[in-house]
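Subject: Model for you to look at

Hello,

Here is the structure I promised to pass on. Please open it alongside this note.

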Amino acid sequence: MGARVTRSAFYAYRTLAVEAILDAVRRRIVMAIAVVTLLALWLVRGCAACTGGSYRVDGQLVDPGRIAGFTGVALYALLALWTMTLAGLLASDHLSQSLHDGSAPLTLARPVGRGTYALARLSGSLAVALVAGGVLLTATAGLLHARHALPLGPAFAGAAVCAWGALLVAALAMSASLVLPRLATFLCVLGFVGFVTGVNLAARAGAPLSGVSGLVDRFGPPLGSALLEALGPWIGRTPSHGPVPGLSPRLVLWAVASVILLVAAFRRVEIRS
Amino acid sequence: MLALELDAVTKRYGSRRALDAVCVSLPRGSALGLLGPNGAGKSTVLRLALGLARPSAGHVRLRGLDPGDPVARTGVGYLPERLALPGRMSVRAFVRLHGRLAGWRGLELTRQVEAVCERTGIADRADDRMAGLSKGLAQRVGFAQALFGDPELLLLDEPTSGLDPLGVRDAREWIRAARSRGCSVLVSSHVLSEVERTCDRVVILDRGRIAASGRLEDVVRRGERLEDAFVRWVRG
C-alpha cells in the first residue's frame, strides 16, 4: 500500500465529519427545526420593534434604551439557550443510532480511532444546531443593532458563549445516550439546561442558594450566567476581562471536559451489533 | 508473525460466558474457518479481533498489536453478518468512503474504487442508491468494501449470506484470489461446504469453547465430510 495510504487521524475525522453532517441534515427533525427557526425569526422581528413609546416604573421615566437593552438580553439569551438545547436534542441519538444500525462497527473496523469517530458524530449534530442558532442570533443582533443601536460586541461574545454551551450540552447528551434511551437522554438535556440556567438566574437575582443549587451555581457549567455576563453591556454592566472579554473560562473548561468525557466513555463502549 | 491471535480469551456478557479460554491463531497467508452452531461465540471472536469488544480475560493480538489501536486495523477488510448500508448513498460513494477510511486518497483512490467495483460485479450499478439493492447485490457491495485496496487480512462473517449460486462462486474466487496474493482469511460461516473449499484450517466452537481445531485433515476423518465431522465434534 505504501505512500498512497495515509494514517492521518484528521483525514479520517474530516471524512467522517462530512458524513455525519450529511446524516444530520437528512434527518426528518431538520425540517421541523427549519420551521421553528423561521417562526422564531418572525417573532424576533416583532419583539425587536416592541420598545417604542415611553415607560414609567414607580412613577419614574425609564430610558427606552434601557428597555431595549433588557429586551435584547432576554431575547438573545432565550435564543442562545434554545440553540444549546437543540444541540443536545440532535446529539441525543446521533452516535447511539450509528451503533444500533450497524454503521459504526463497519467504520470502526477501519483504522479509525474511537475518539475520531465520536468527535465526527459530535461535529455533525453540532453543525446543524449552530447553523440554525447562528441564523437566529445573527438576525436578532442585526435587528437590535439597527433599531436600537445596541452594540454588536456583546452579541459576538454571547454567540461565543452559545457555541461553547452548545458543545458542552451536545457532548454531555452524546455521552448520556451511550447508556440511556433517546427519550430519557432528551429529557435529561431539557432538565440539565433548565436547572442550570434557573439556578444561575436565581443567583443573579440575589436569591440565597444552598446545597446542590449553590454548588451548581459556583462550580457548575455557567450556561445562564455566562450569557448574562456576555450580554451585560446592553444593560449597562461591564463585562469581565479575560482572553475573550465576556467569555467565561469556566464554561470553556466545562465544554472541554465534556468532550473528553465523551471520548473516554465511547472508548469503553462494547459494540455488540 | 501471526495475523490474528486469541490467547486463552474469555468473554463474559454479565453472567453468561460467550467464550471460555479460547485460543485461536491465524498464521499469515492461511485461511481459517470458524464453525459452530448459533450462539457458539463466532461473532464474538470477530468483534474481539476488531477491538469492538474487549476480552474479560486473555489477550487478543491483531497483526501483533492491540486491536483497539487503529494502526492494527490498517489493511484489514471486514464483512459483517448484518451489513448496514446507508440507503441515501450510491454504491460508488459508499465504496469510496471506505477507501478513504482505509487511508486512500487522490487518483489512486478513484482507480481502486473502479477496480474493486469491476471485480465484484457491481460496476454497472455503481451509481444506484443502495436503498434499492437486492440482498445479493448488497452483499457484493459489502465484499467490495472489504476487498478494497487488497487487504492483508480479511475477516468475513457469513460471507455467502444472500448470494445466489453465481455470487457464491464469485465469492469463493475472491477469497481464493486474496489468498493467492498472501492475504490471511478468517471465515465465520454456517455453510460448511464453503469453508471446506476455501480454508485450510478450522476451529469448531461449541457453547463458547473450542470443540476441535487444526488443519482440515486433522479435524475430518478420512472419507468423512466436514458436515459429519462438525456434528461429531459438536454432539460428542
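This is a predicted model: local features need pLDDT of at least 70, side-chain atom pairs count only at pLDDT 80 or more; totals for chains, interfaces and linings use all residues.

Residues are numbered from 1 along each chain as written, chains are lettered from A in the order written, and side-chain values use heavy atoms, without hydrogens or water.

Domains of chain B

The assignment gives domain 1 (1-75 + 153-176 + 184-236) and domain 2 (83-150); such bounds come from an automatic or database domain assignment. The contact (heavy atoms within 4.5 Å) takes 13 residues from domain 1 of chain B and nine residues from domain 2 of chain B. Their C-alpha centres lie 25 Å apart. About 910 Å² is buried between these domains, 66% of it from carbon and sulfur atoms. Buried area is the accessible area (1.4 Å probe) that two parts lose on being put together, summed over both.

The rule finds one salt bridge across this interface, meaning a side-chain nitrogen of Lys or Arg within 4 Å of a carboxyl oxygen of Asp or Glu. B:D170 forms a salt bridge with B:R140, with the closest N and O atoms 2.8 Å apart. On the domain 1 side, β6 (153-157) and α5 (165-180) of chain B each supply at least two residues. α5(B) gives the most to that side, with five residues. Helices (H or I, at least four residues) and strands (E, at least two) are DSSP runs, numbered from the N terminus.

Chain B against chain A

Here the contact takes 37 residues from chain B and 35 residues from chain A. The two chains bury about 3400 Å² between them, 51% of it on carbon and sulfur atoms. In chain B, B:L52, B:R88 and B:L101 lose the most area to chain A, together 21% of what that side buries.

Three salt bridges are counted between the chains. B:K11 forms a salt bridge with A:E270, the closest N and O atoms being 2.7 Å apart. Several elements of chain B each supply at least two residues of the side that touches chain A, among them β1 (2-13) and α3 (106-119). α2(B) gives the most to that side, with five residues.

The hairpin

Strands β8 (residues 201-206) and β9 (residues 209-215) of chain B run antiparallel, joined by six bridges. Pairing needs at least two bridges by DSSP. B:L205 stands opposite B:I210 in β9(B). The hairpin has two residues between the strands, and B:R207 takes a positive phi near 50°.

Best wishes
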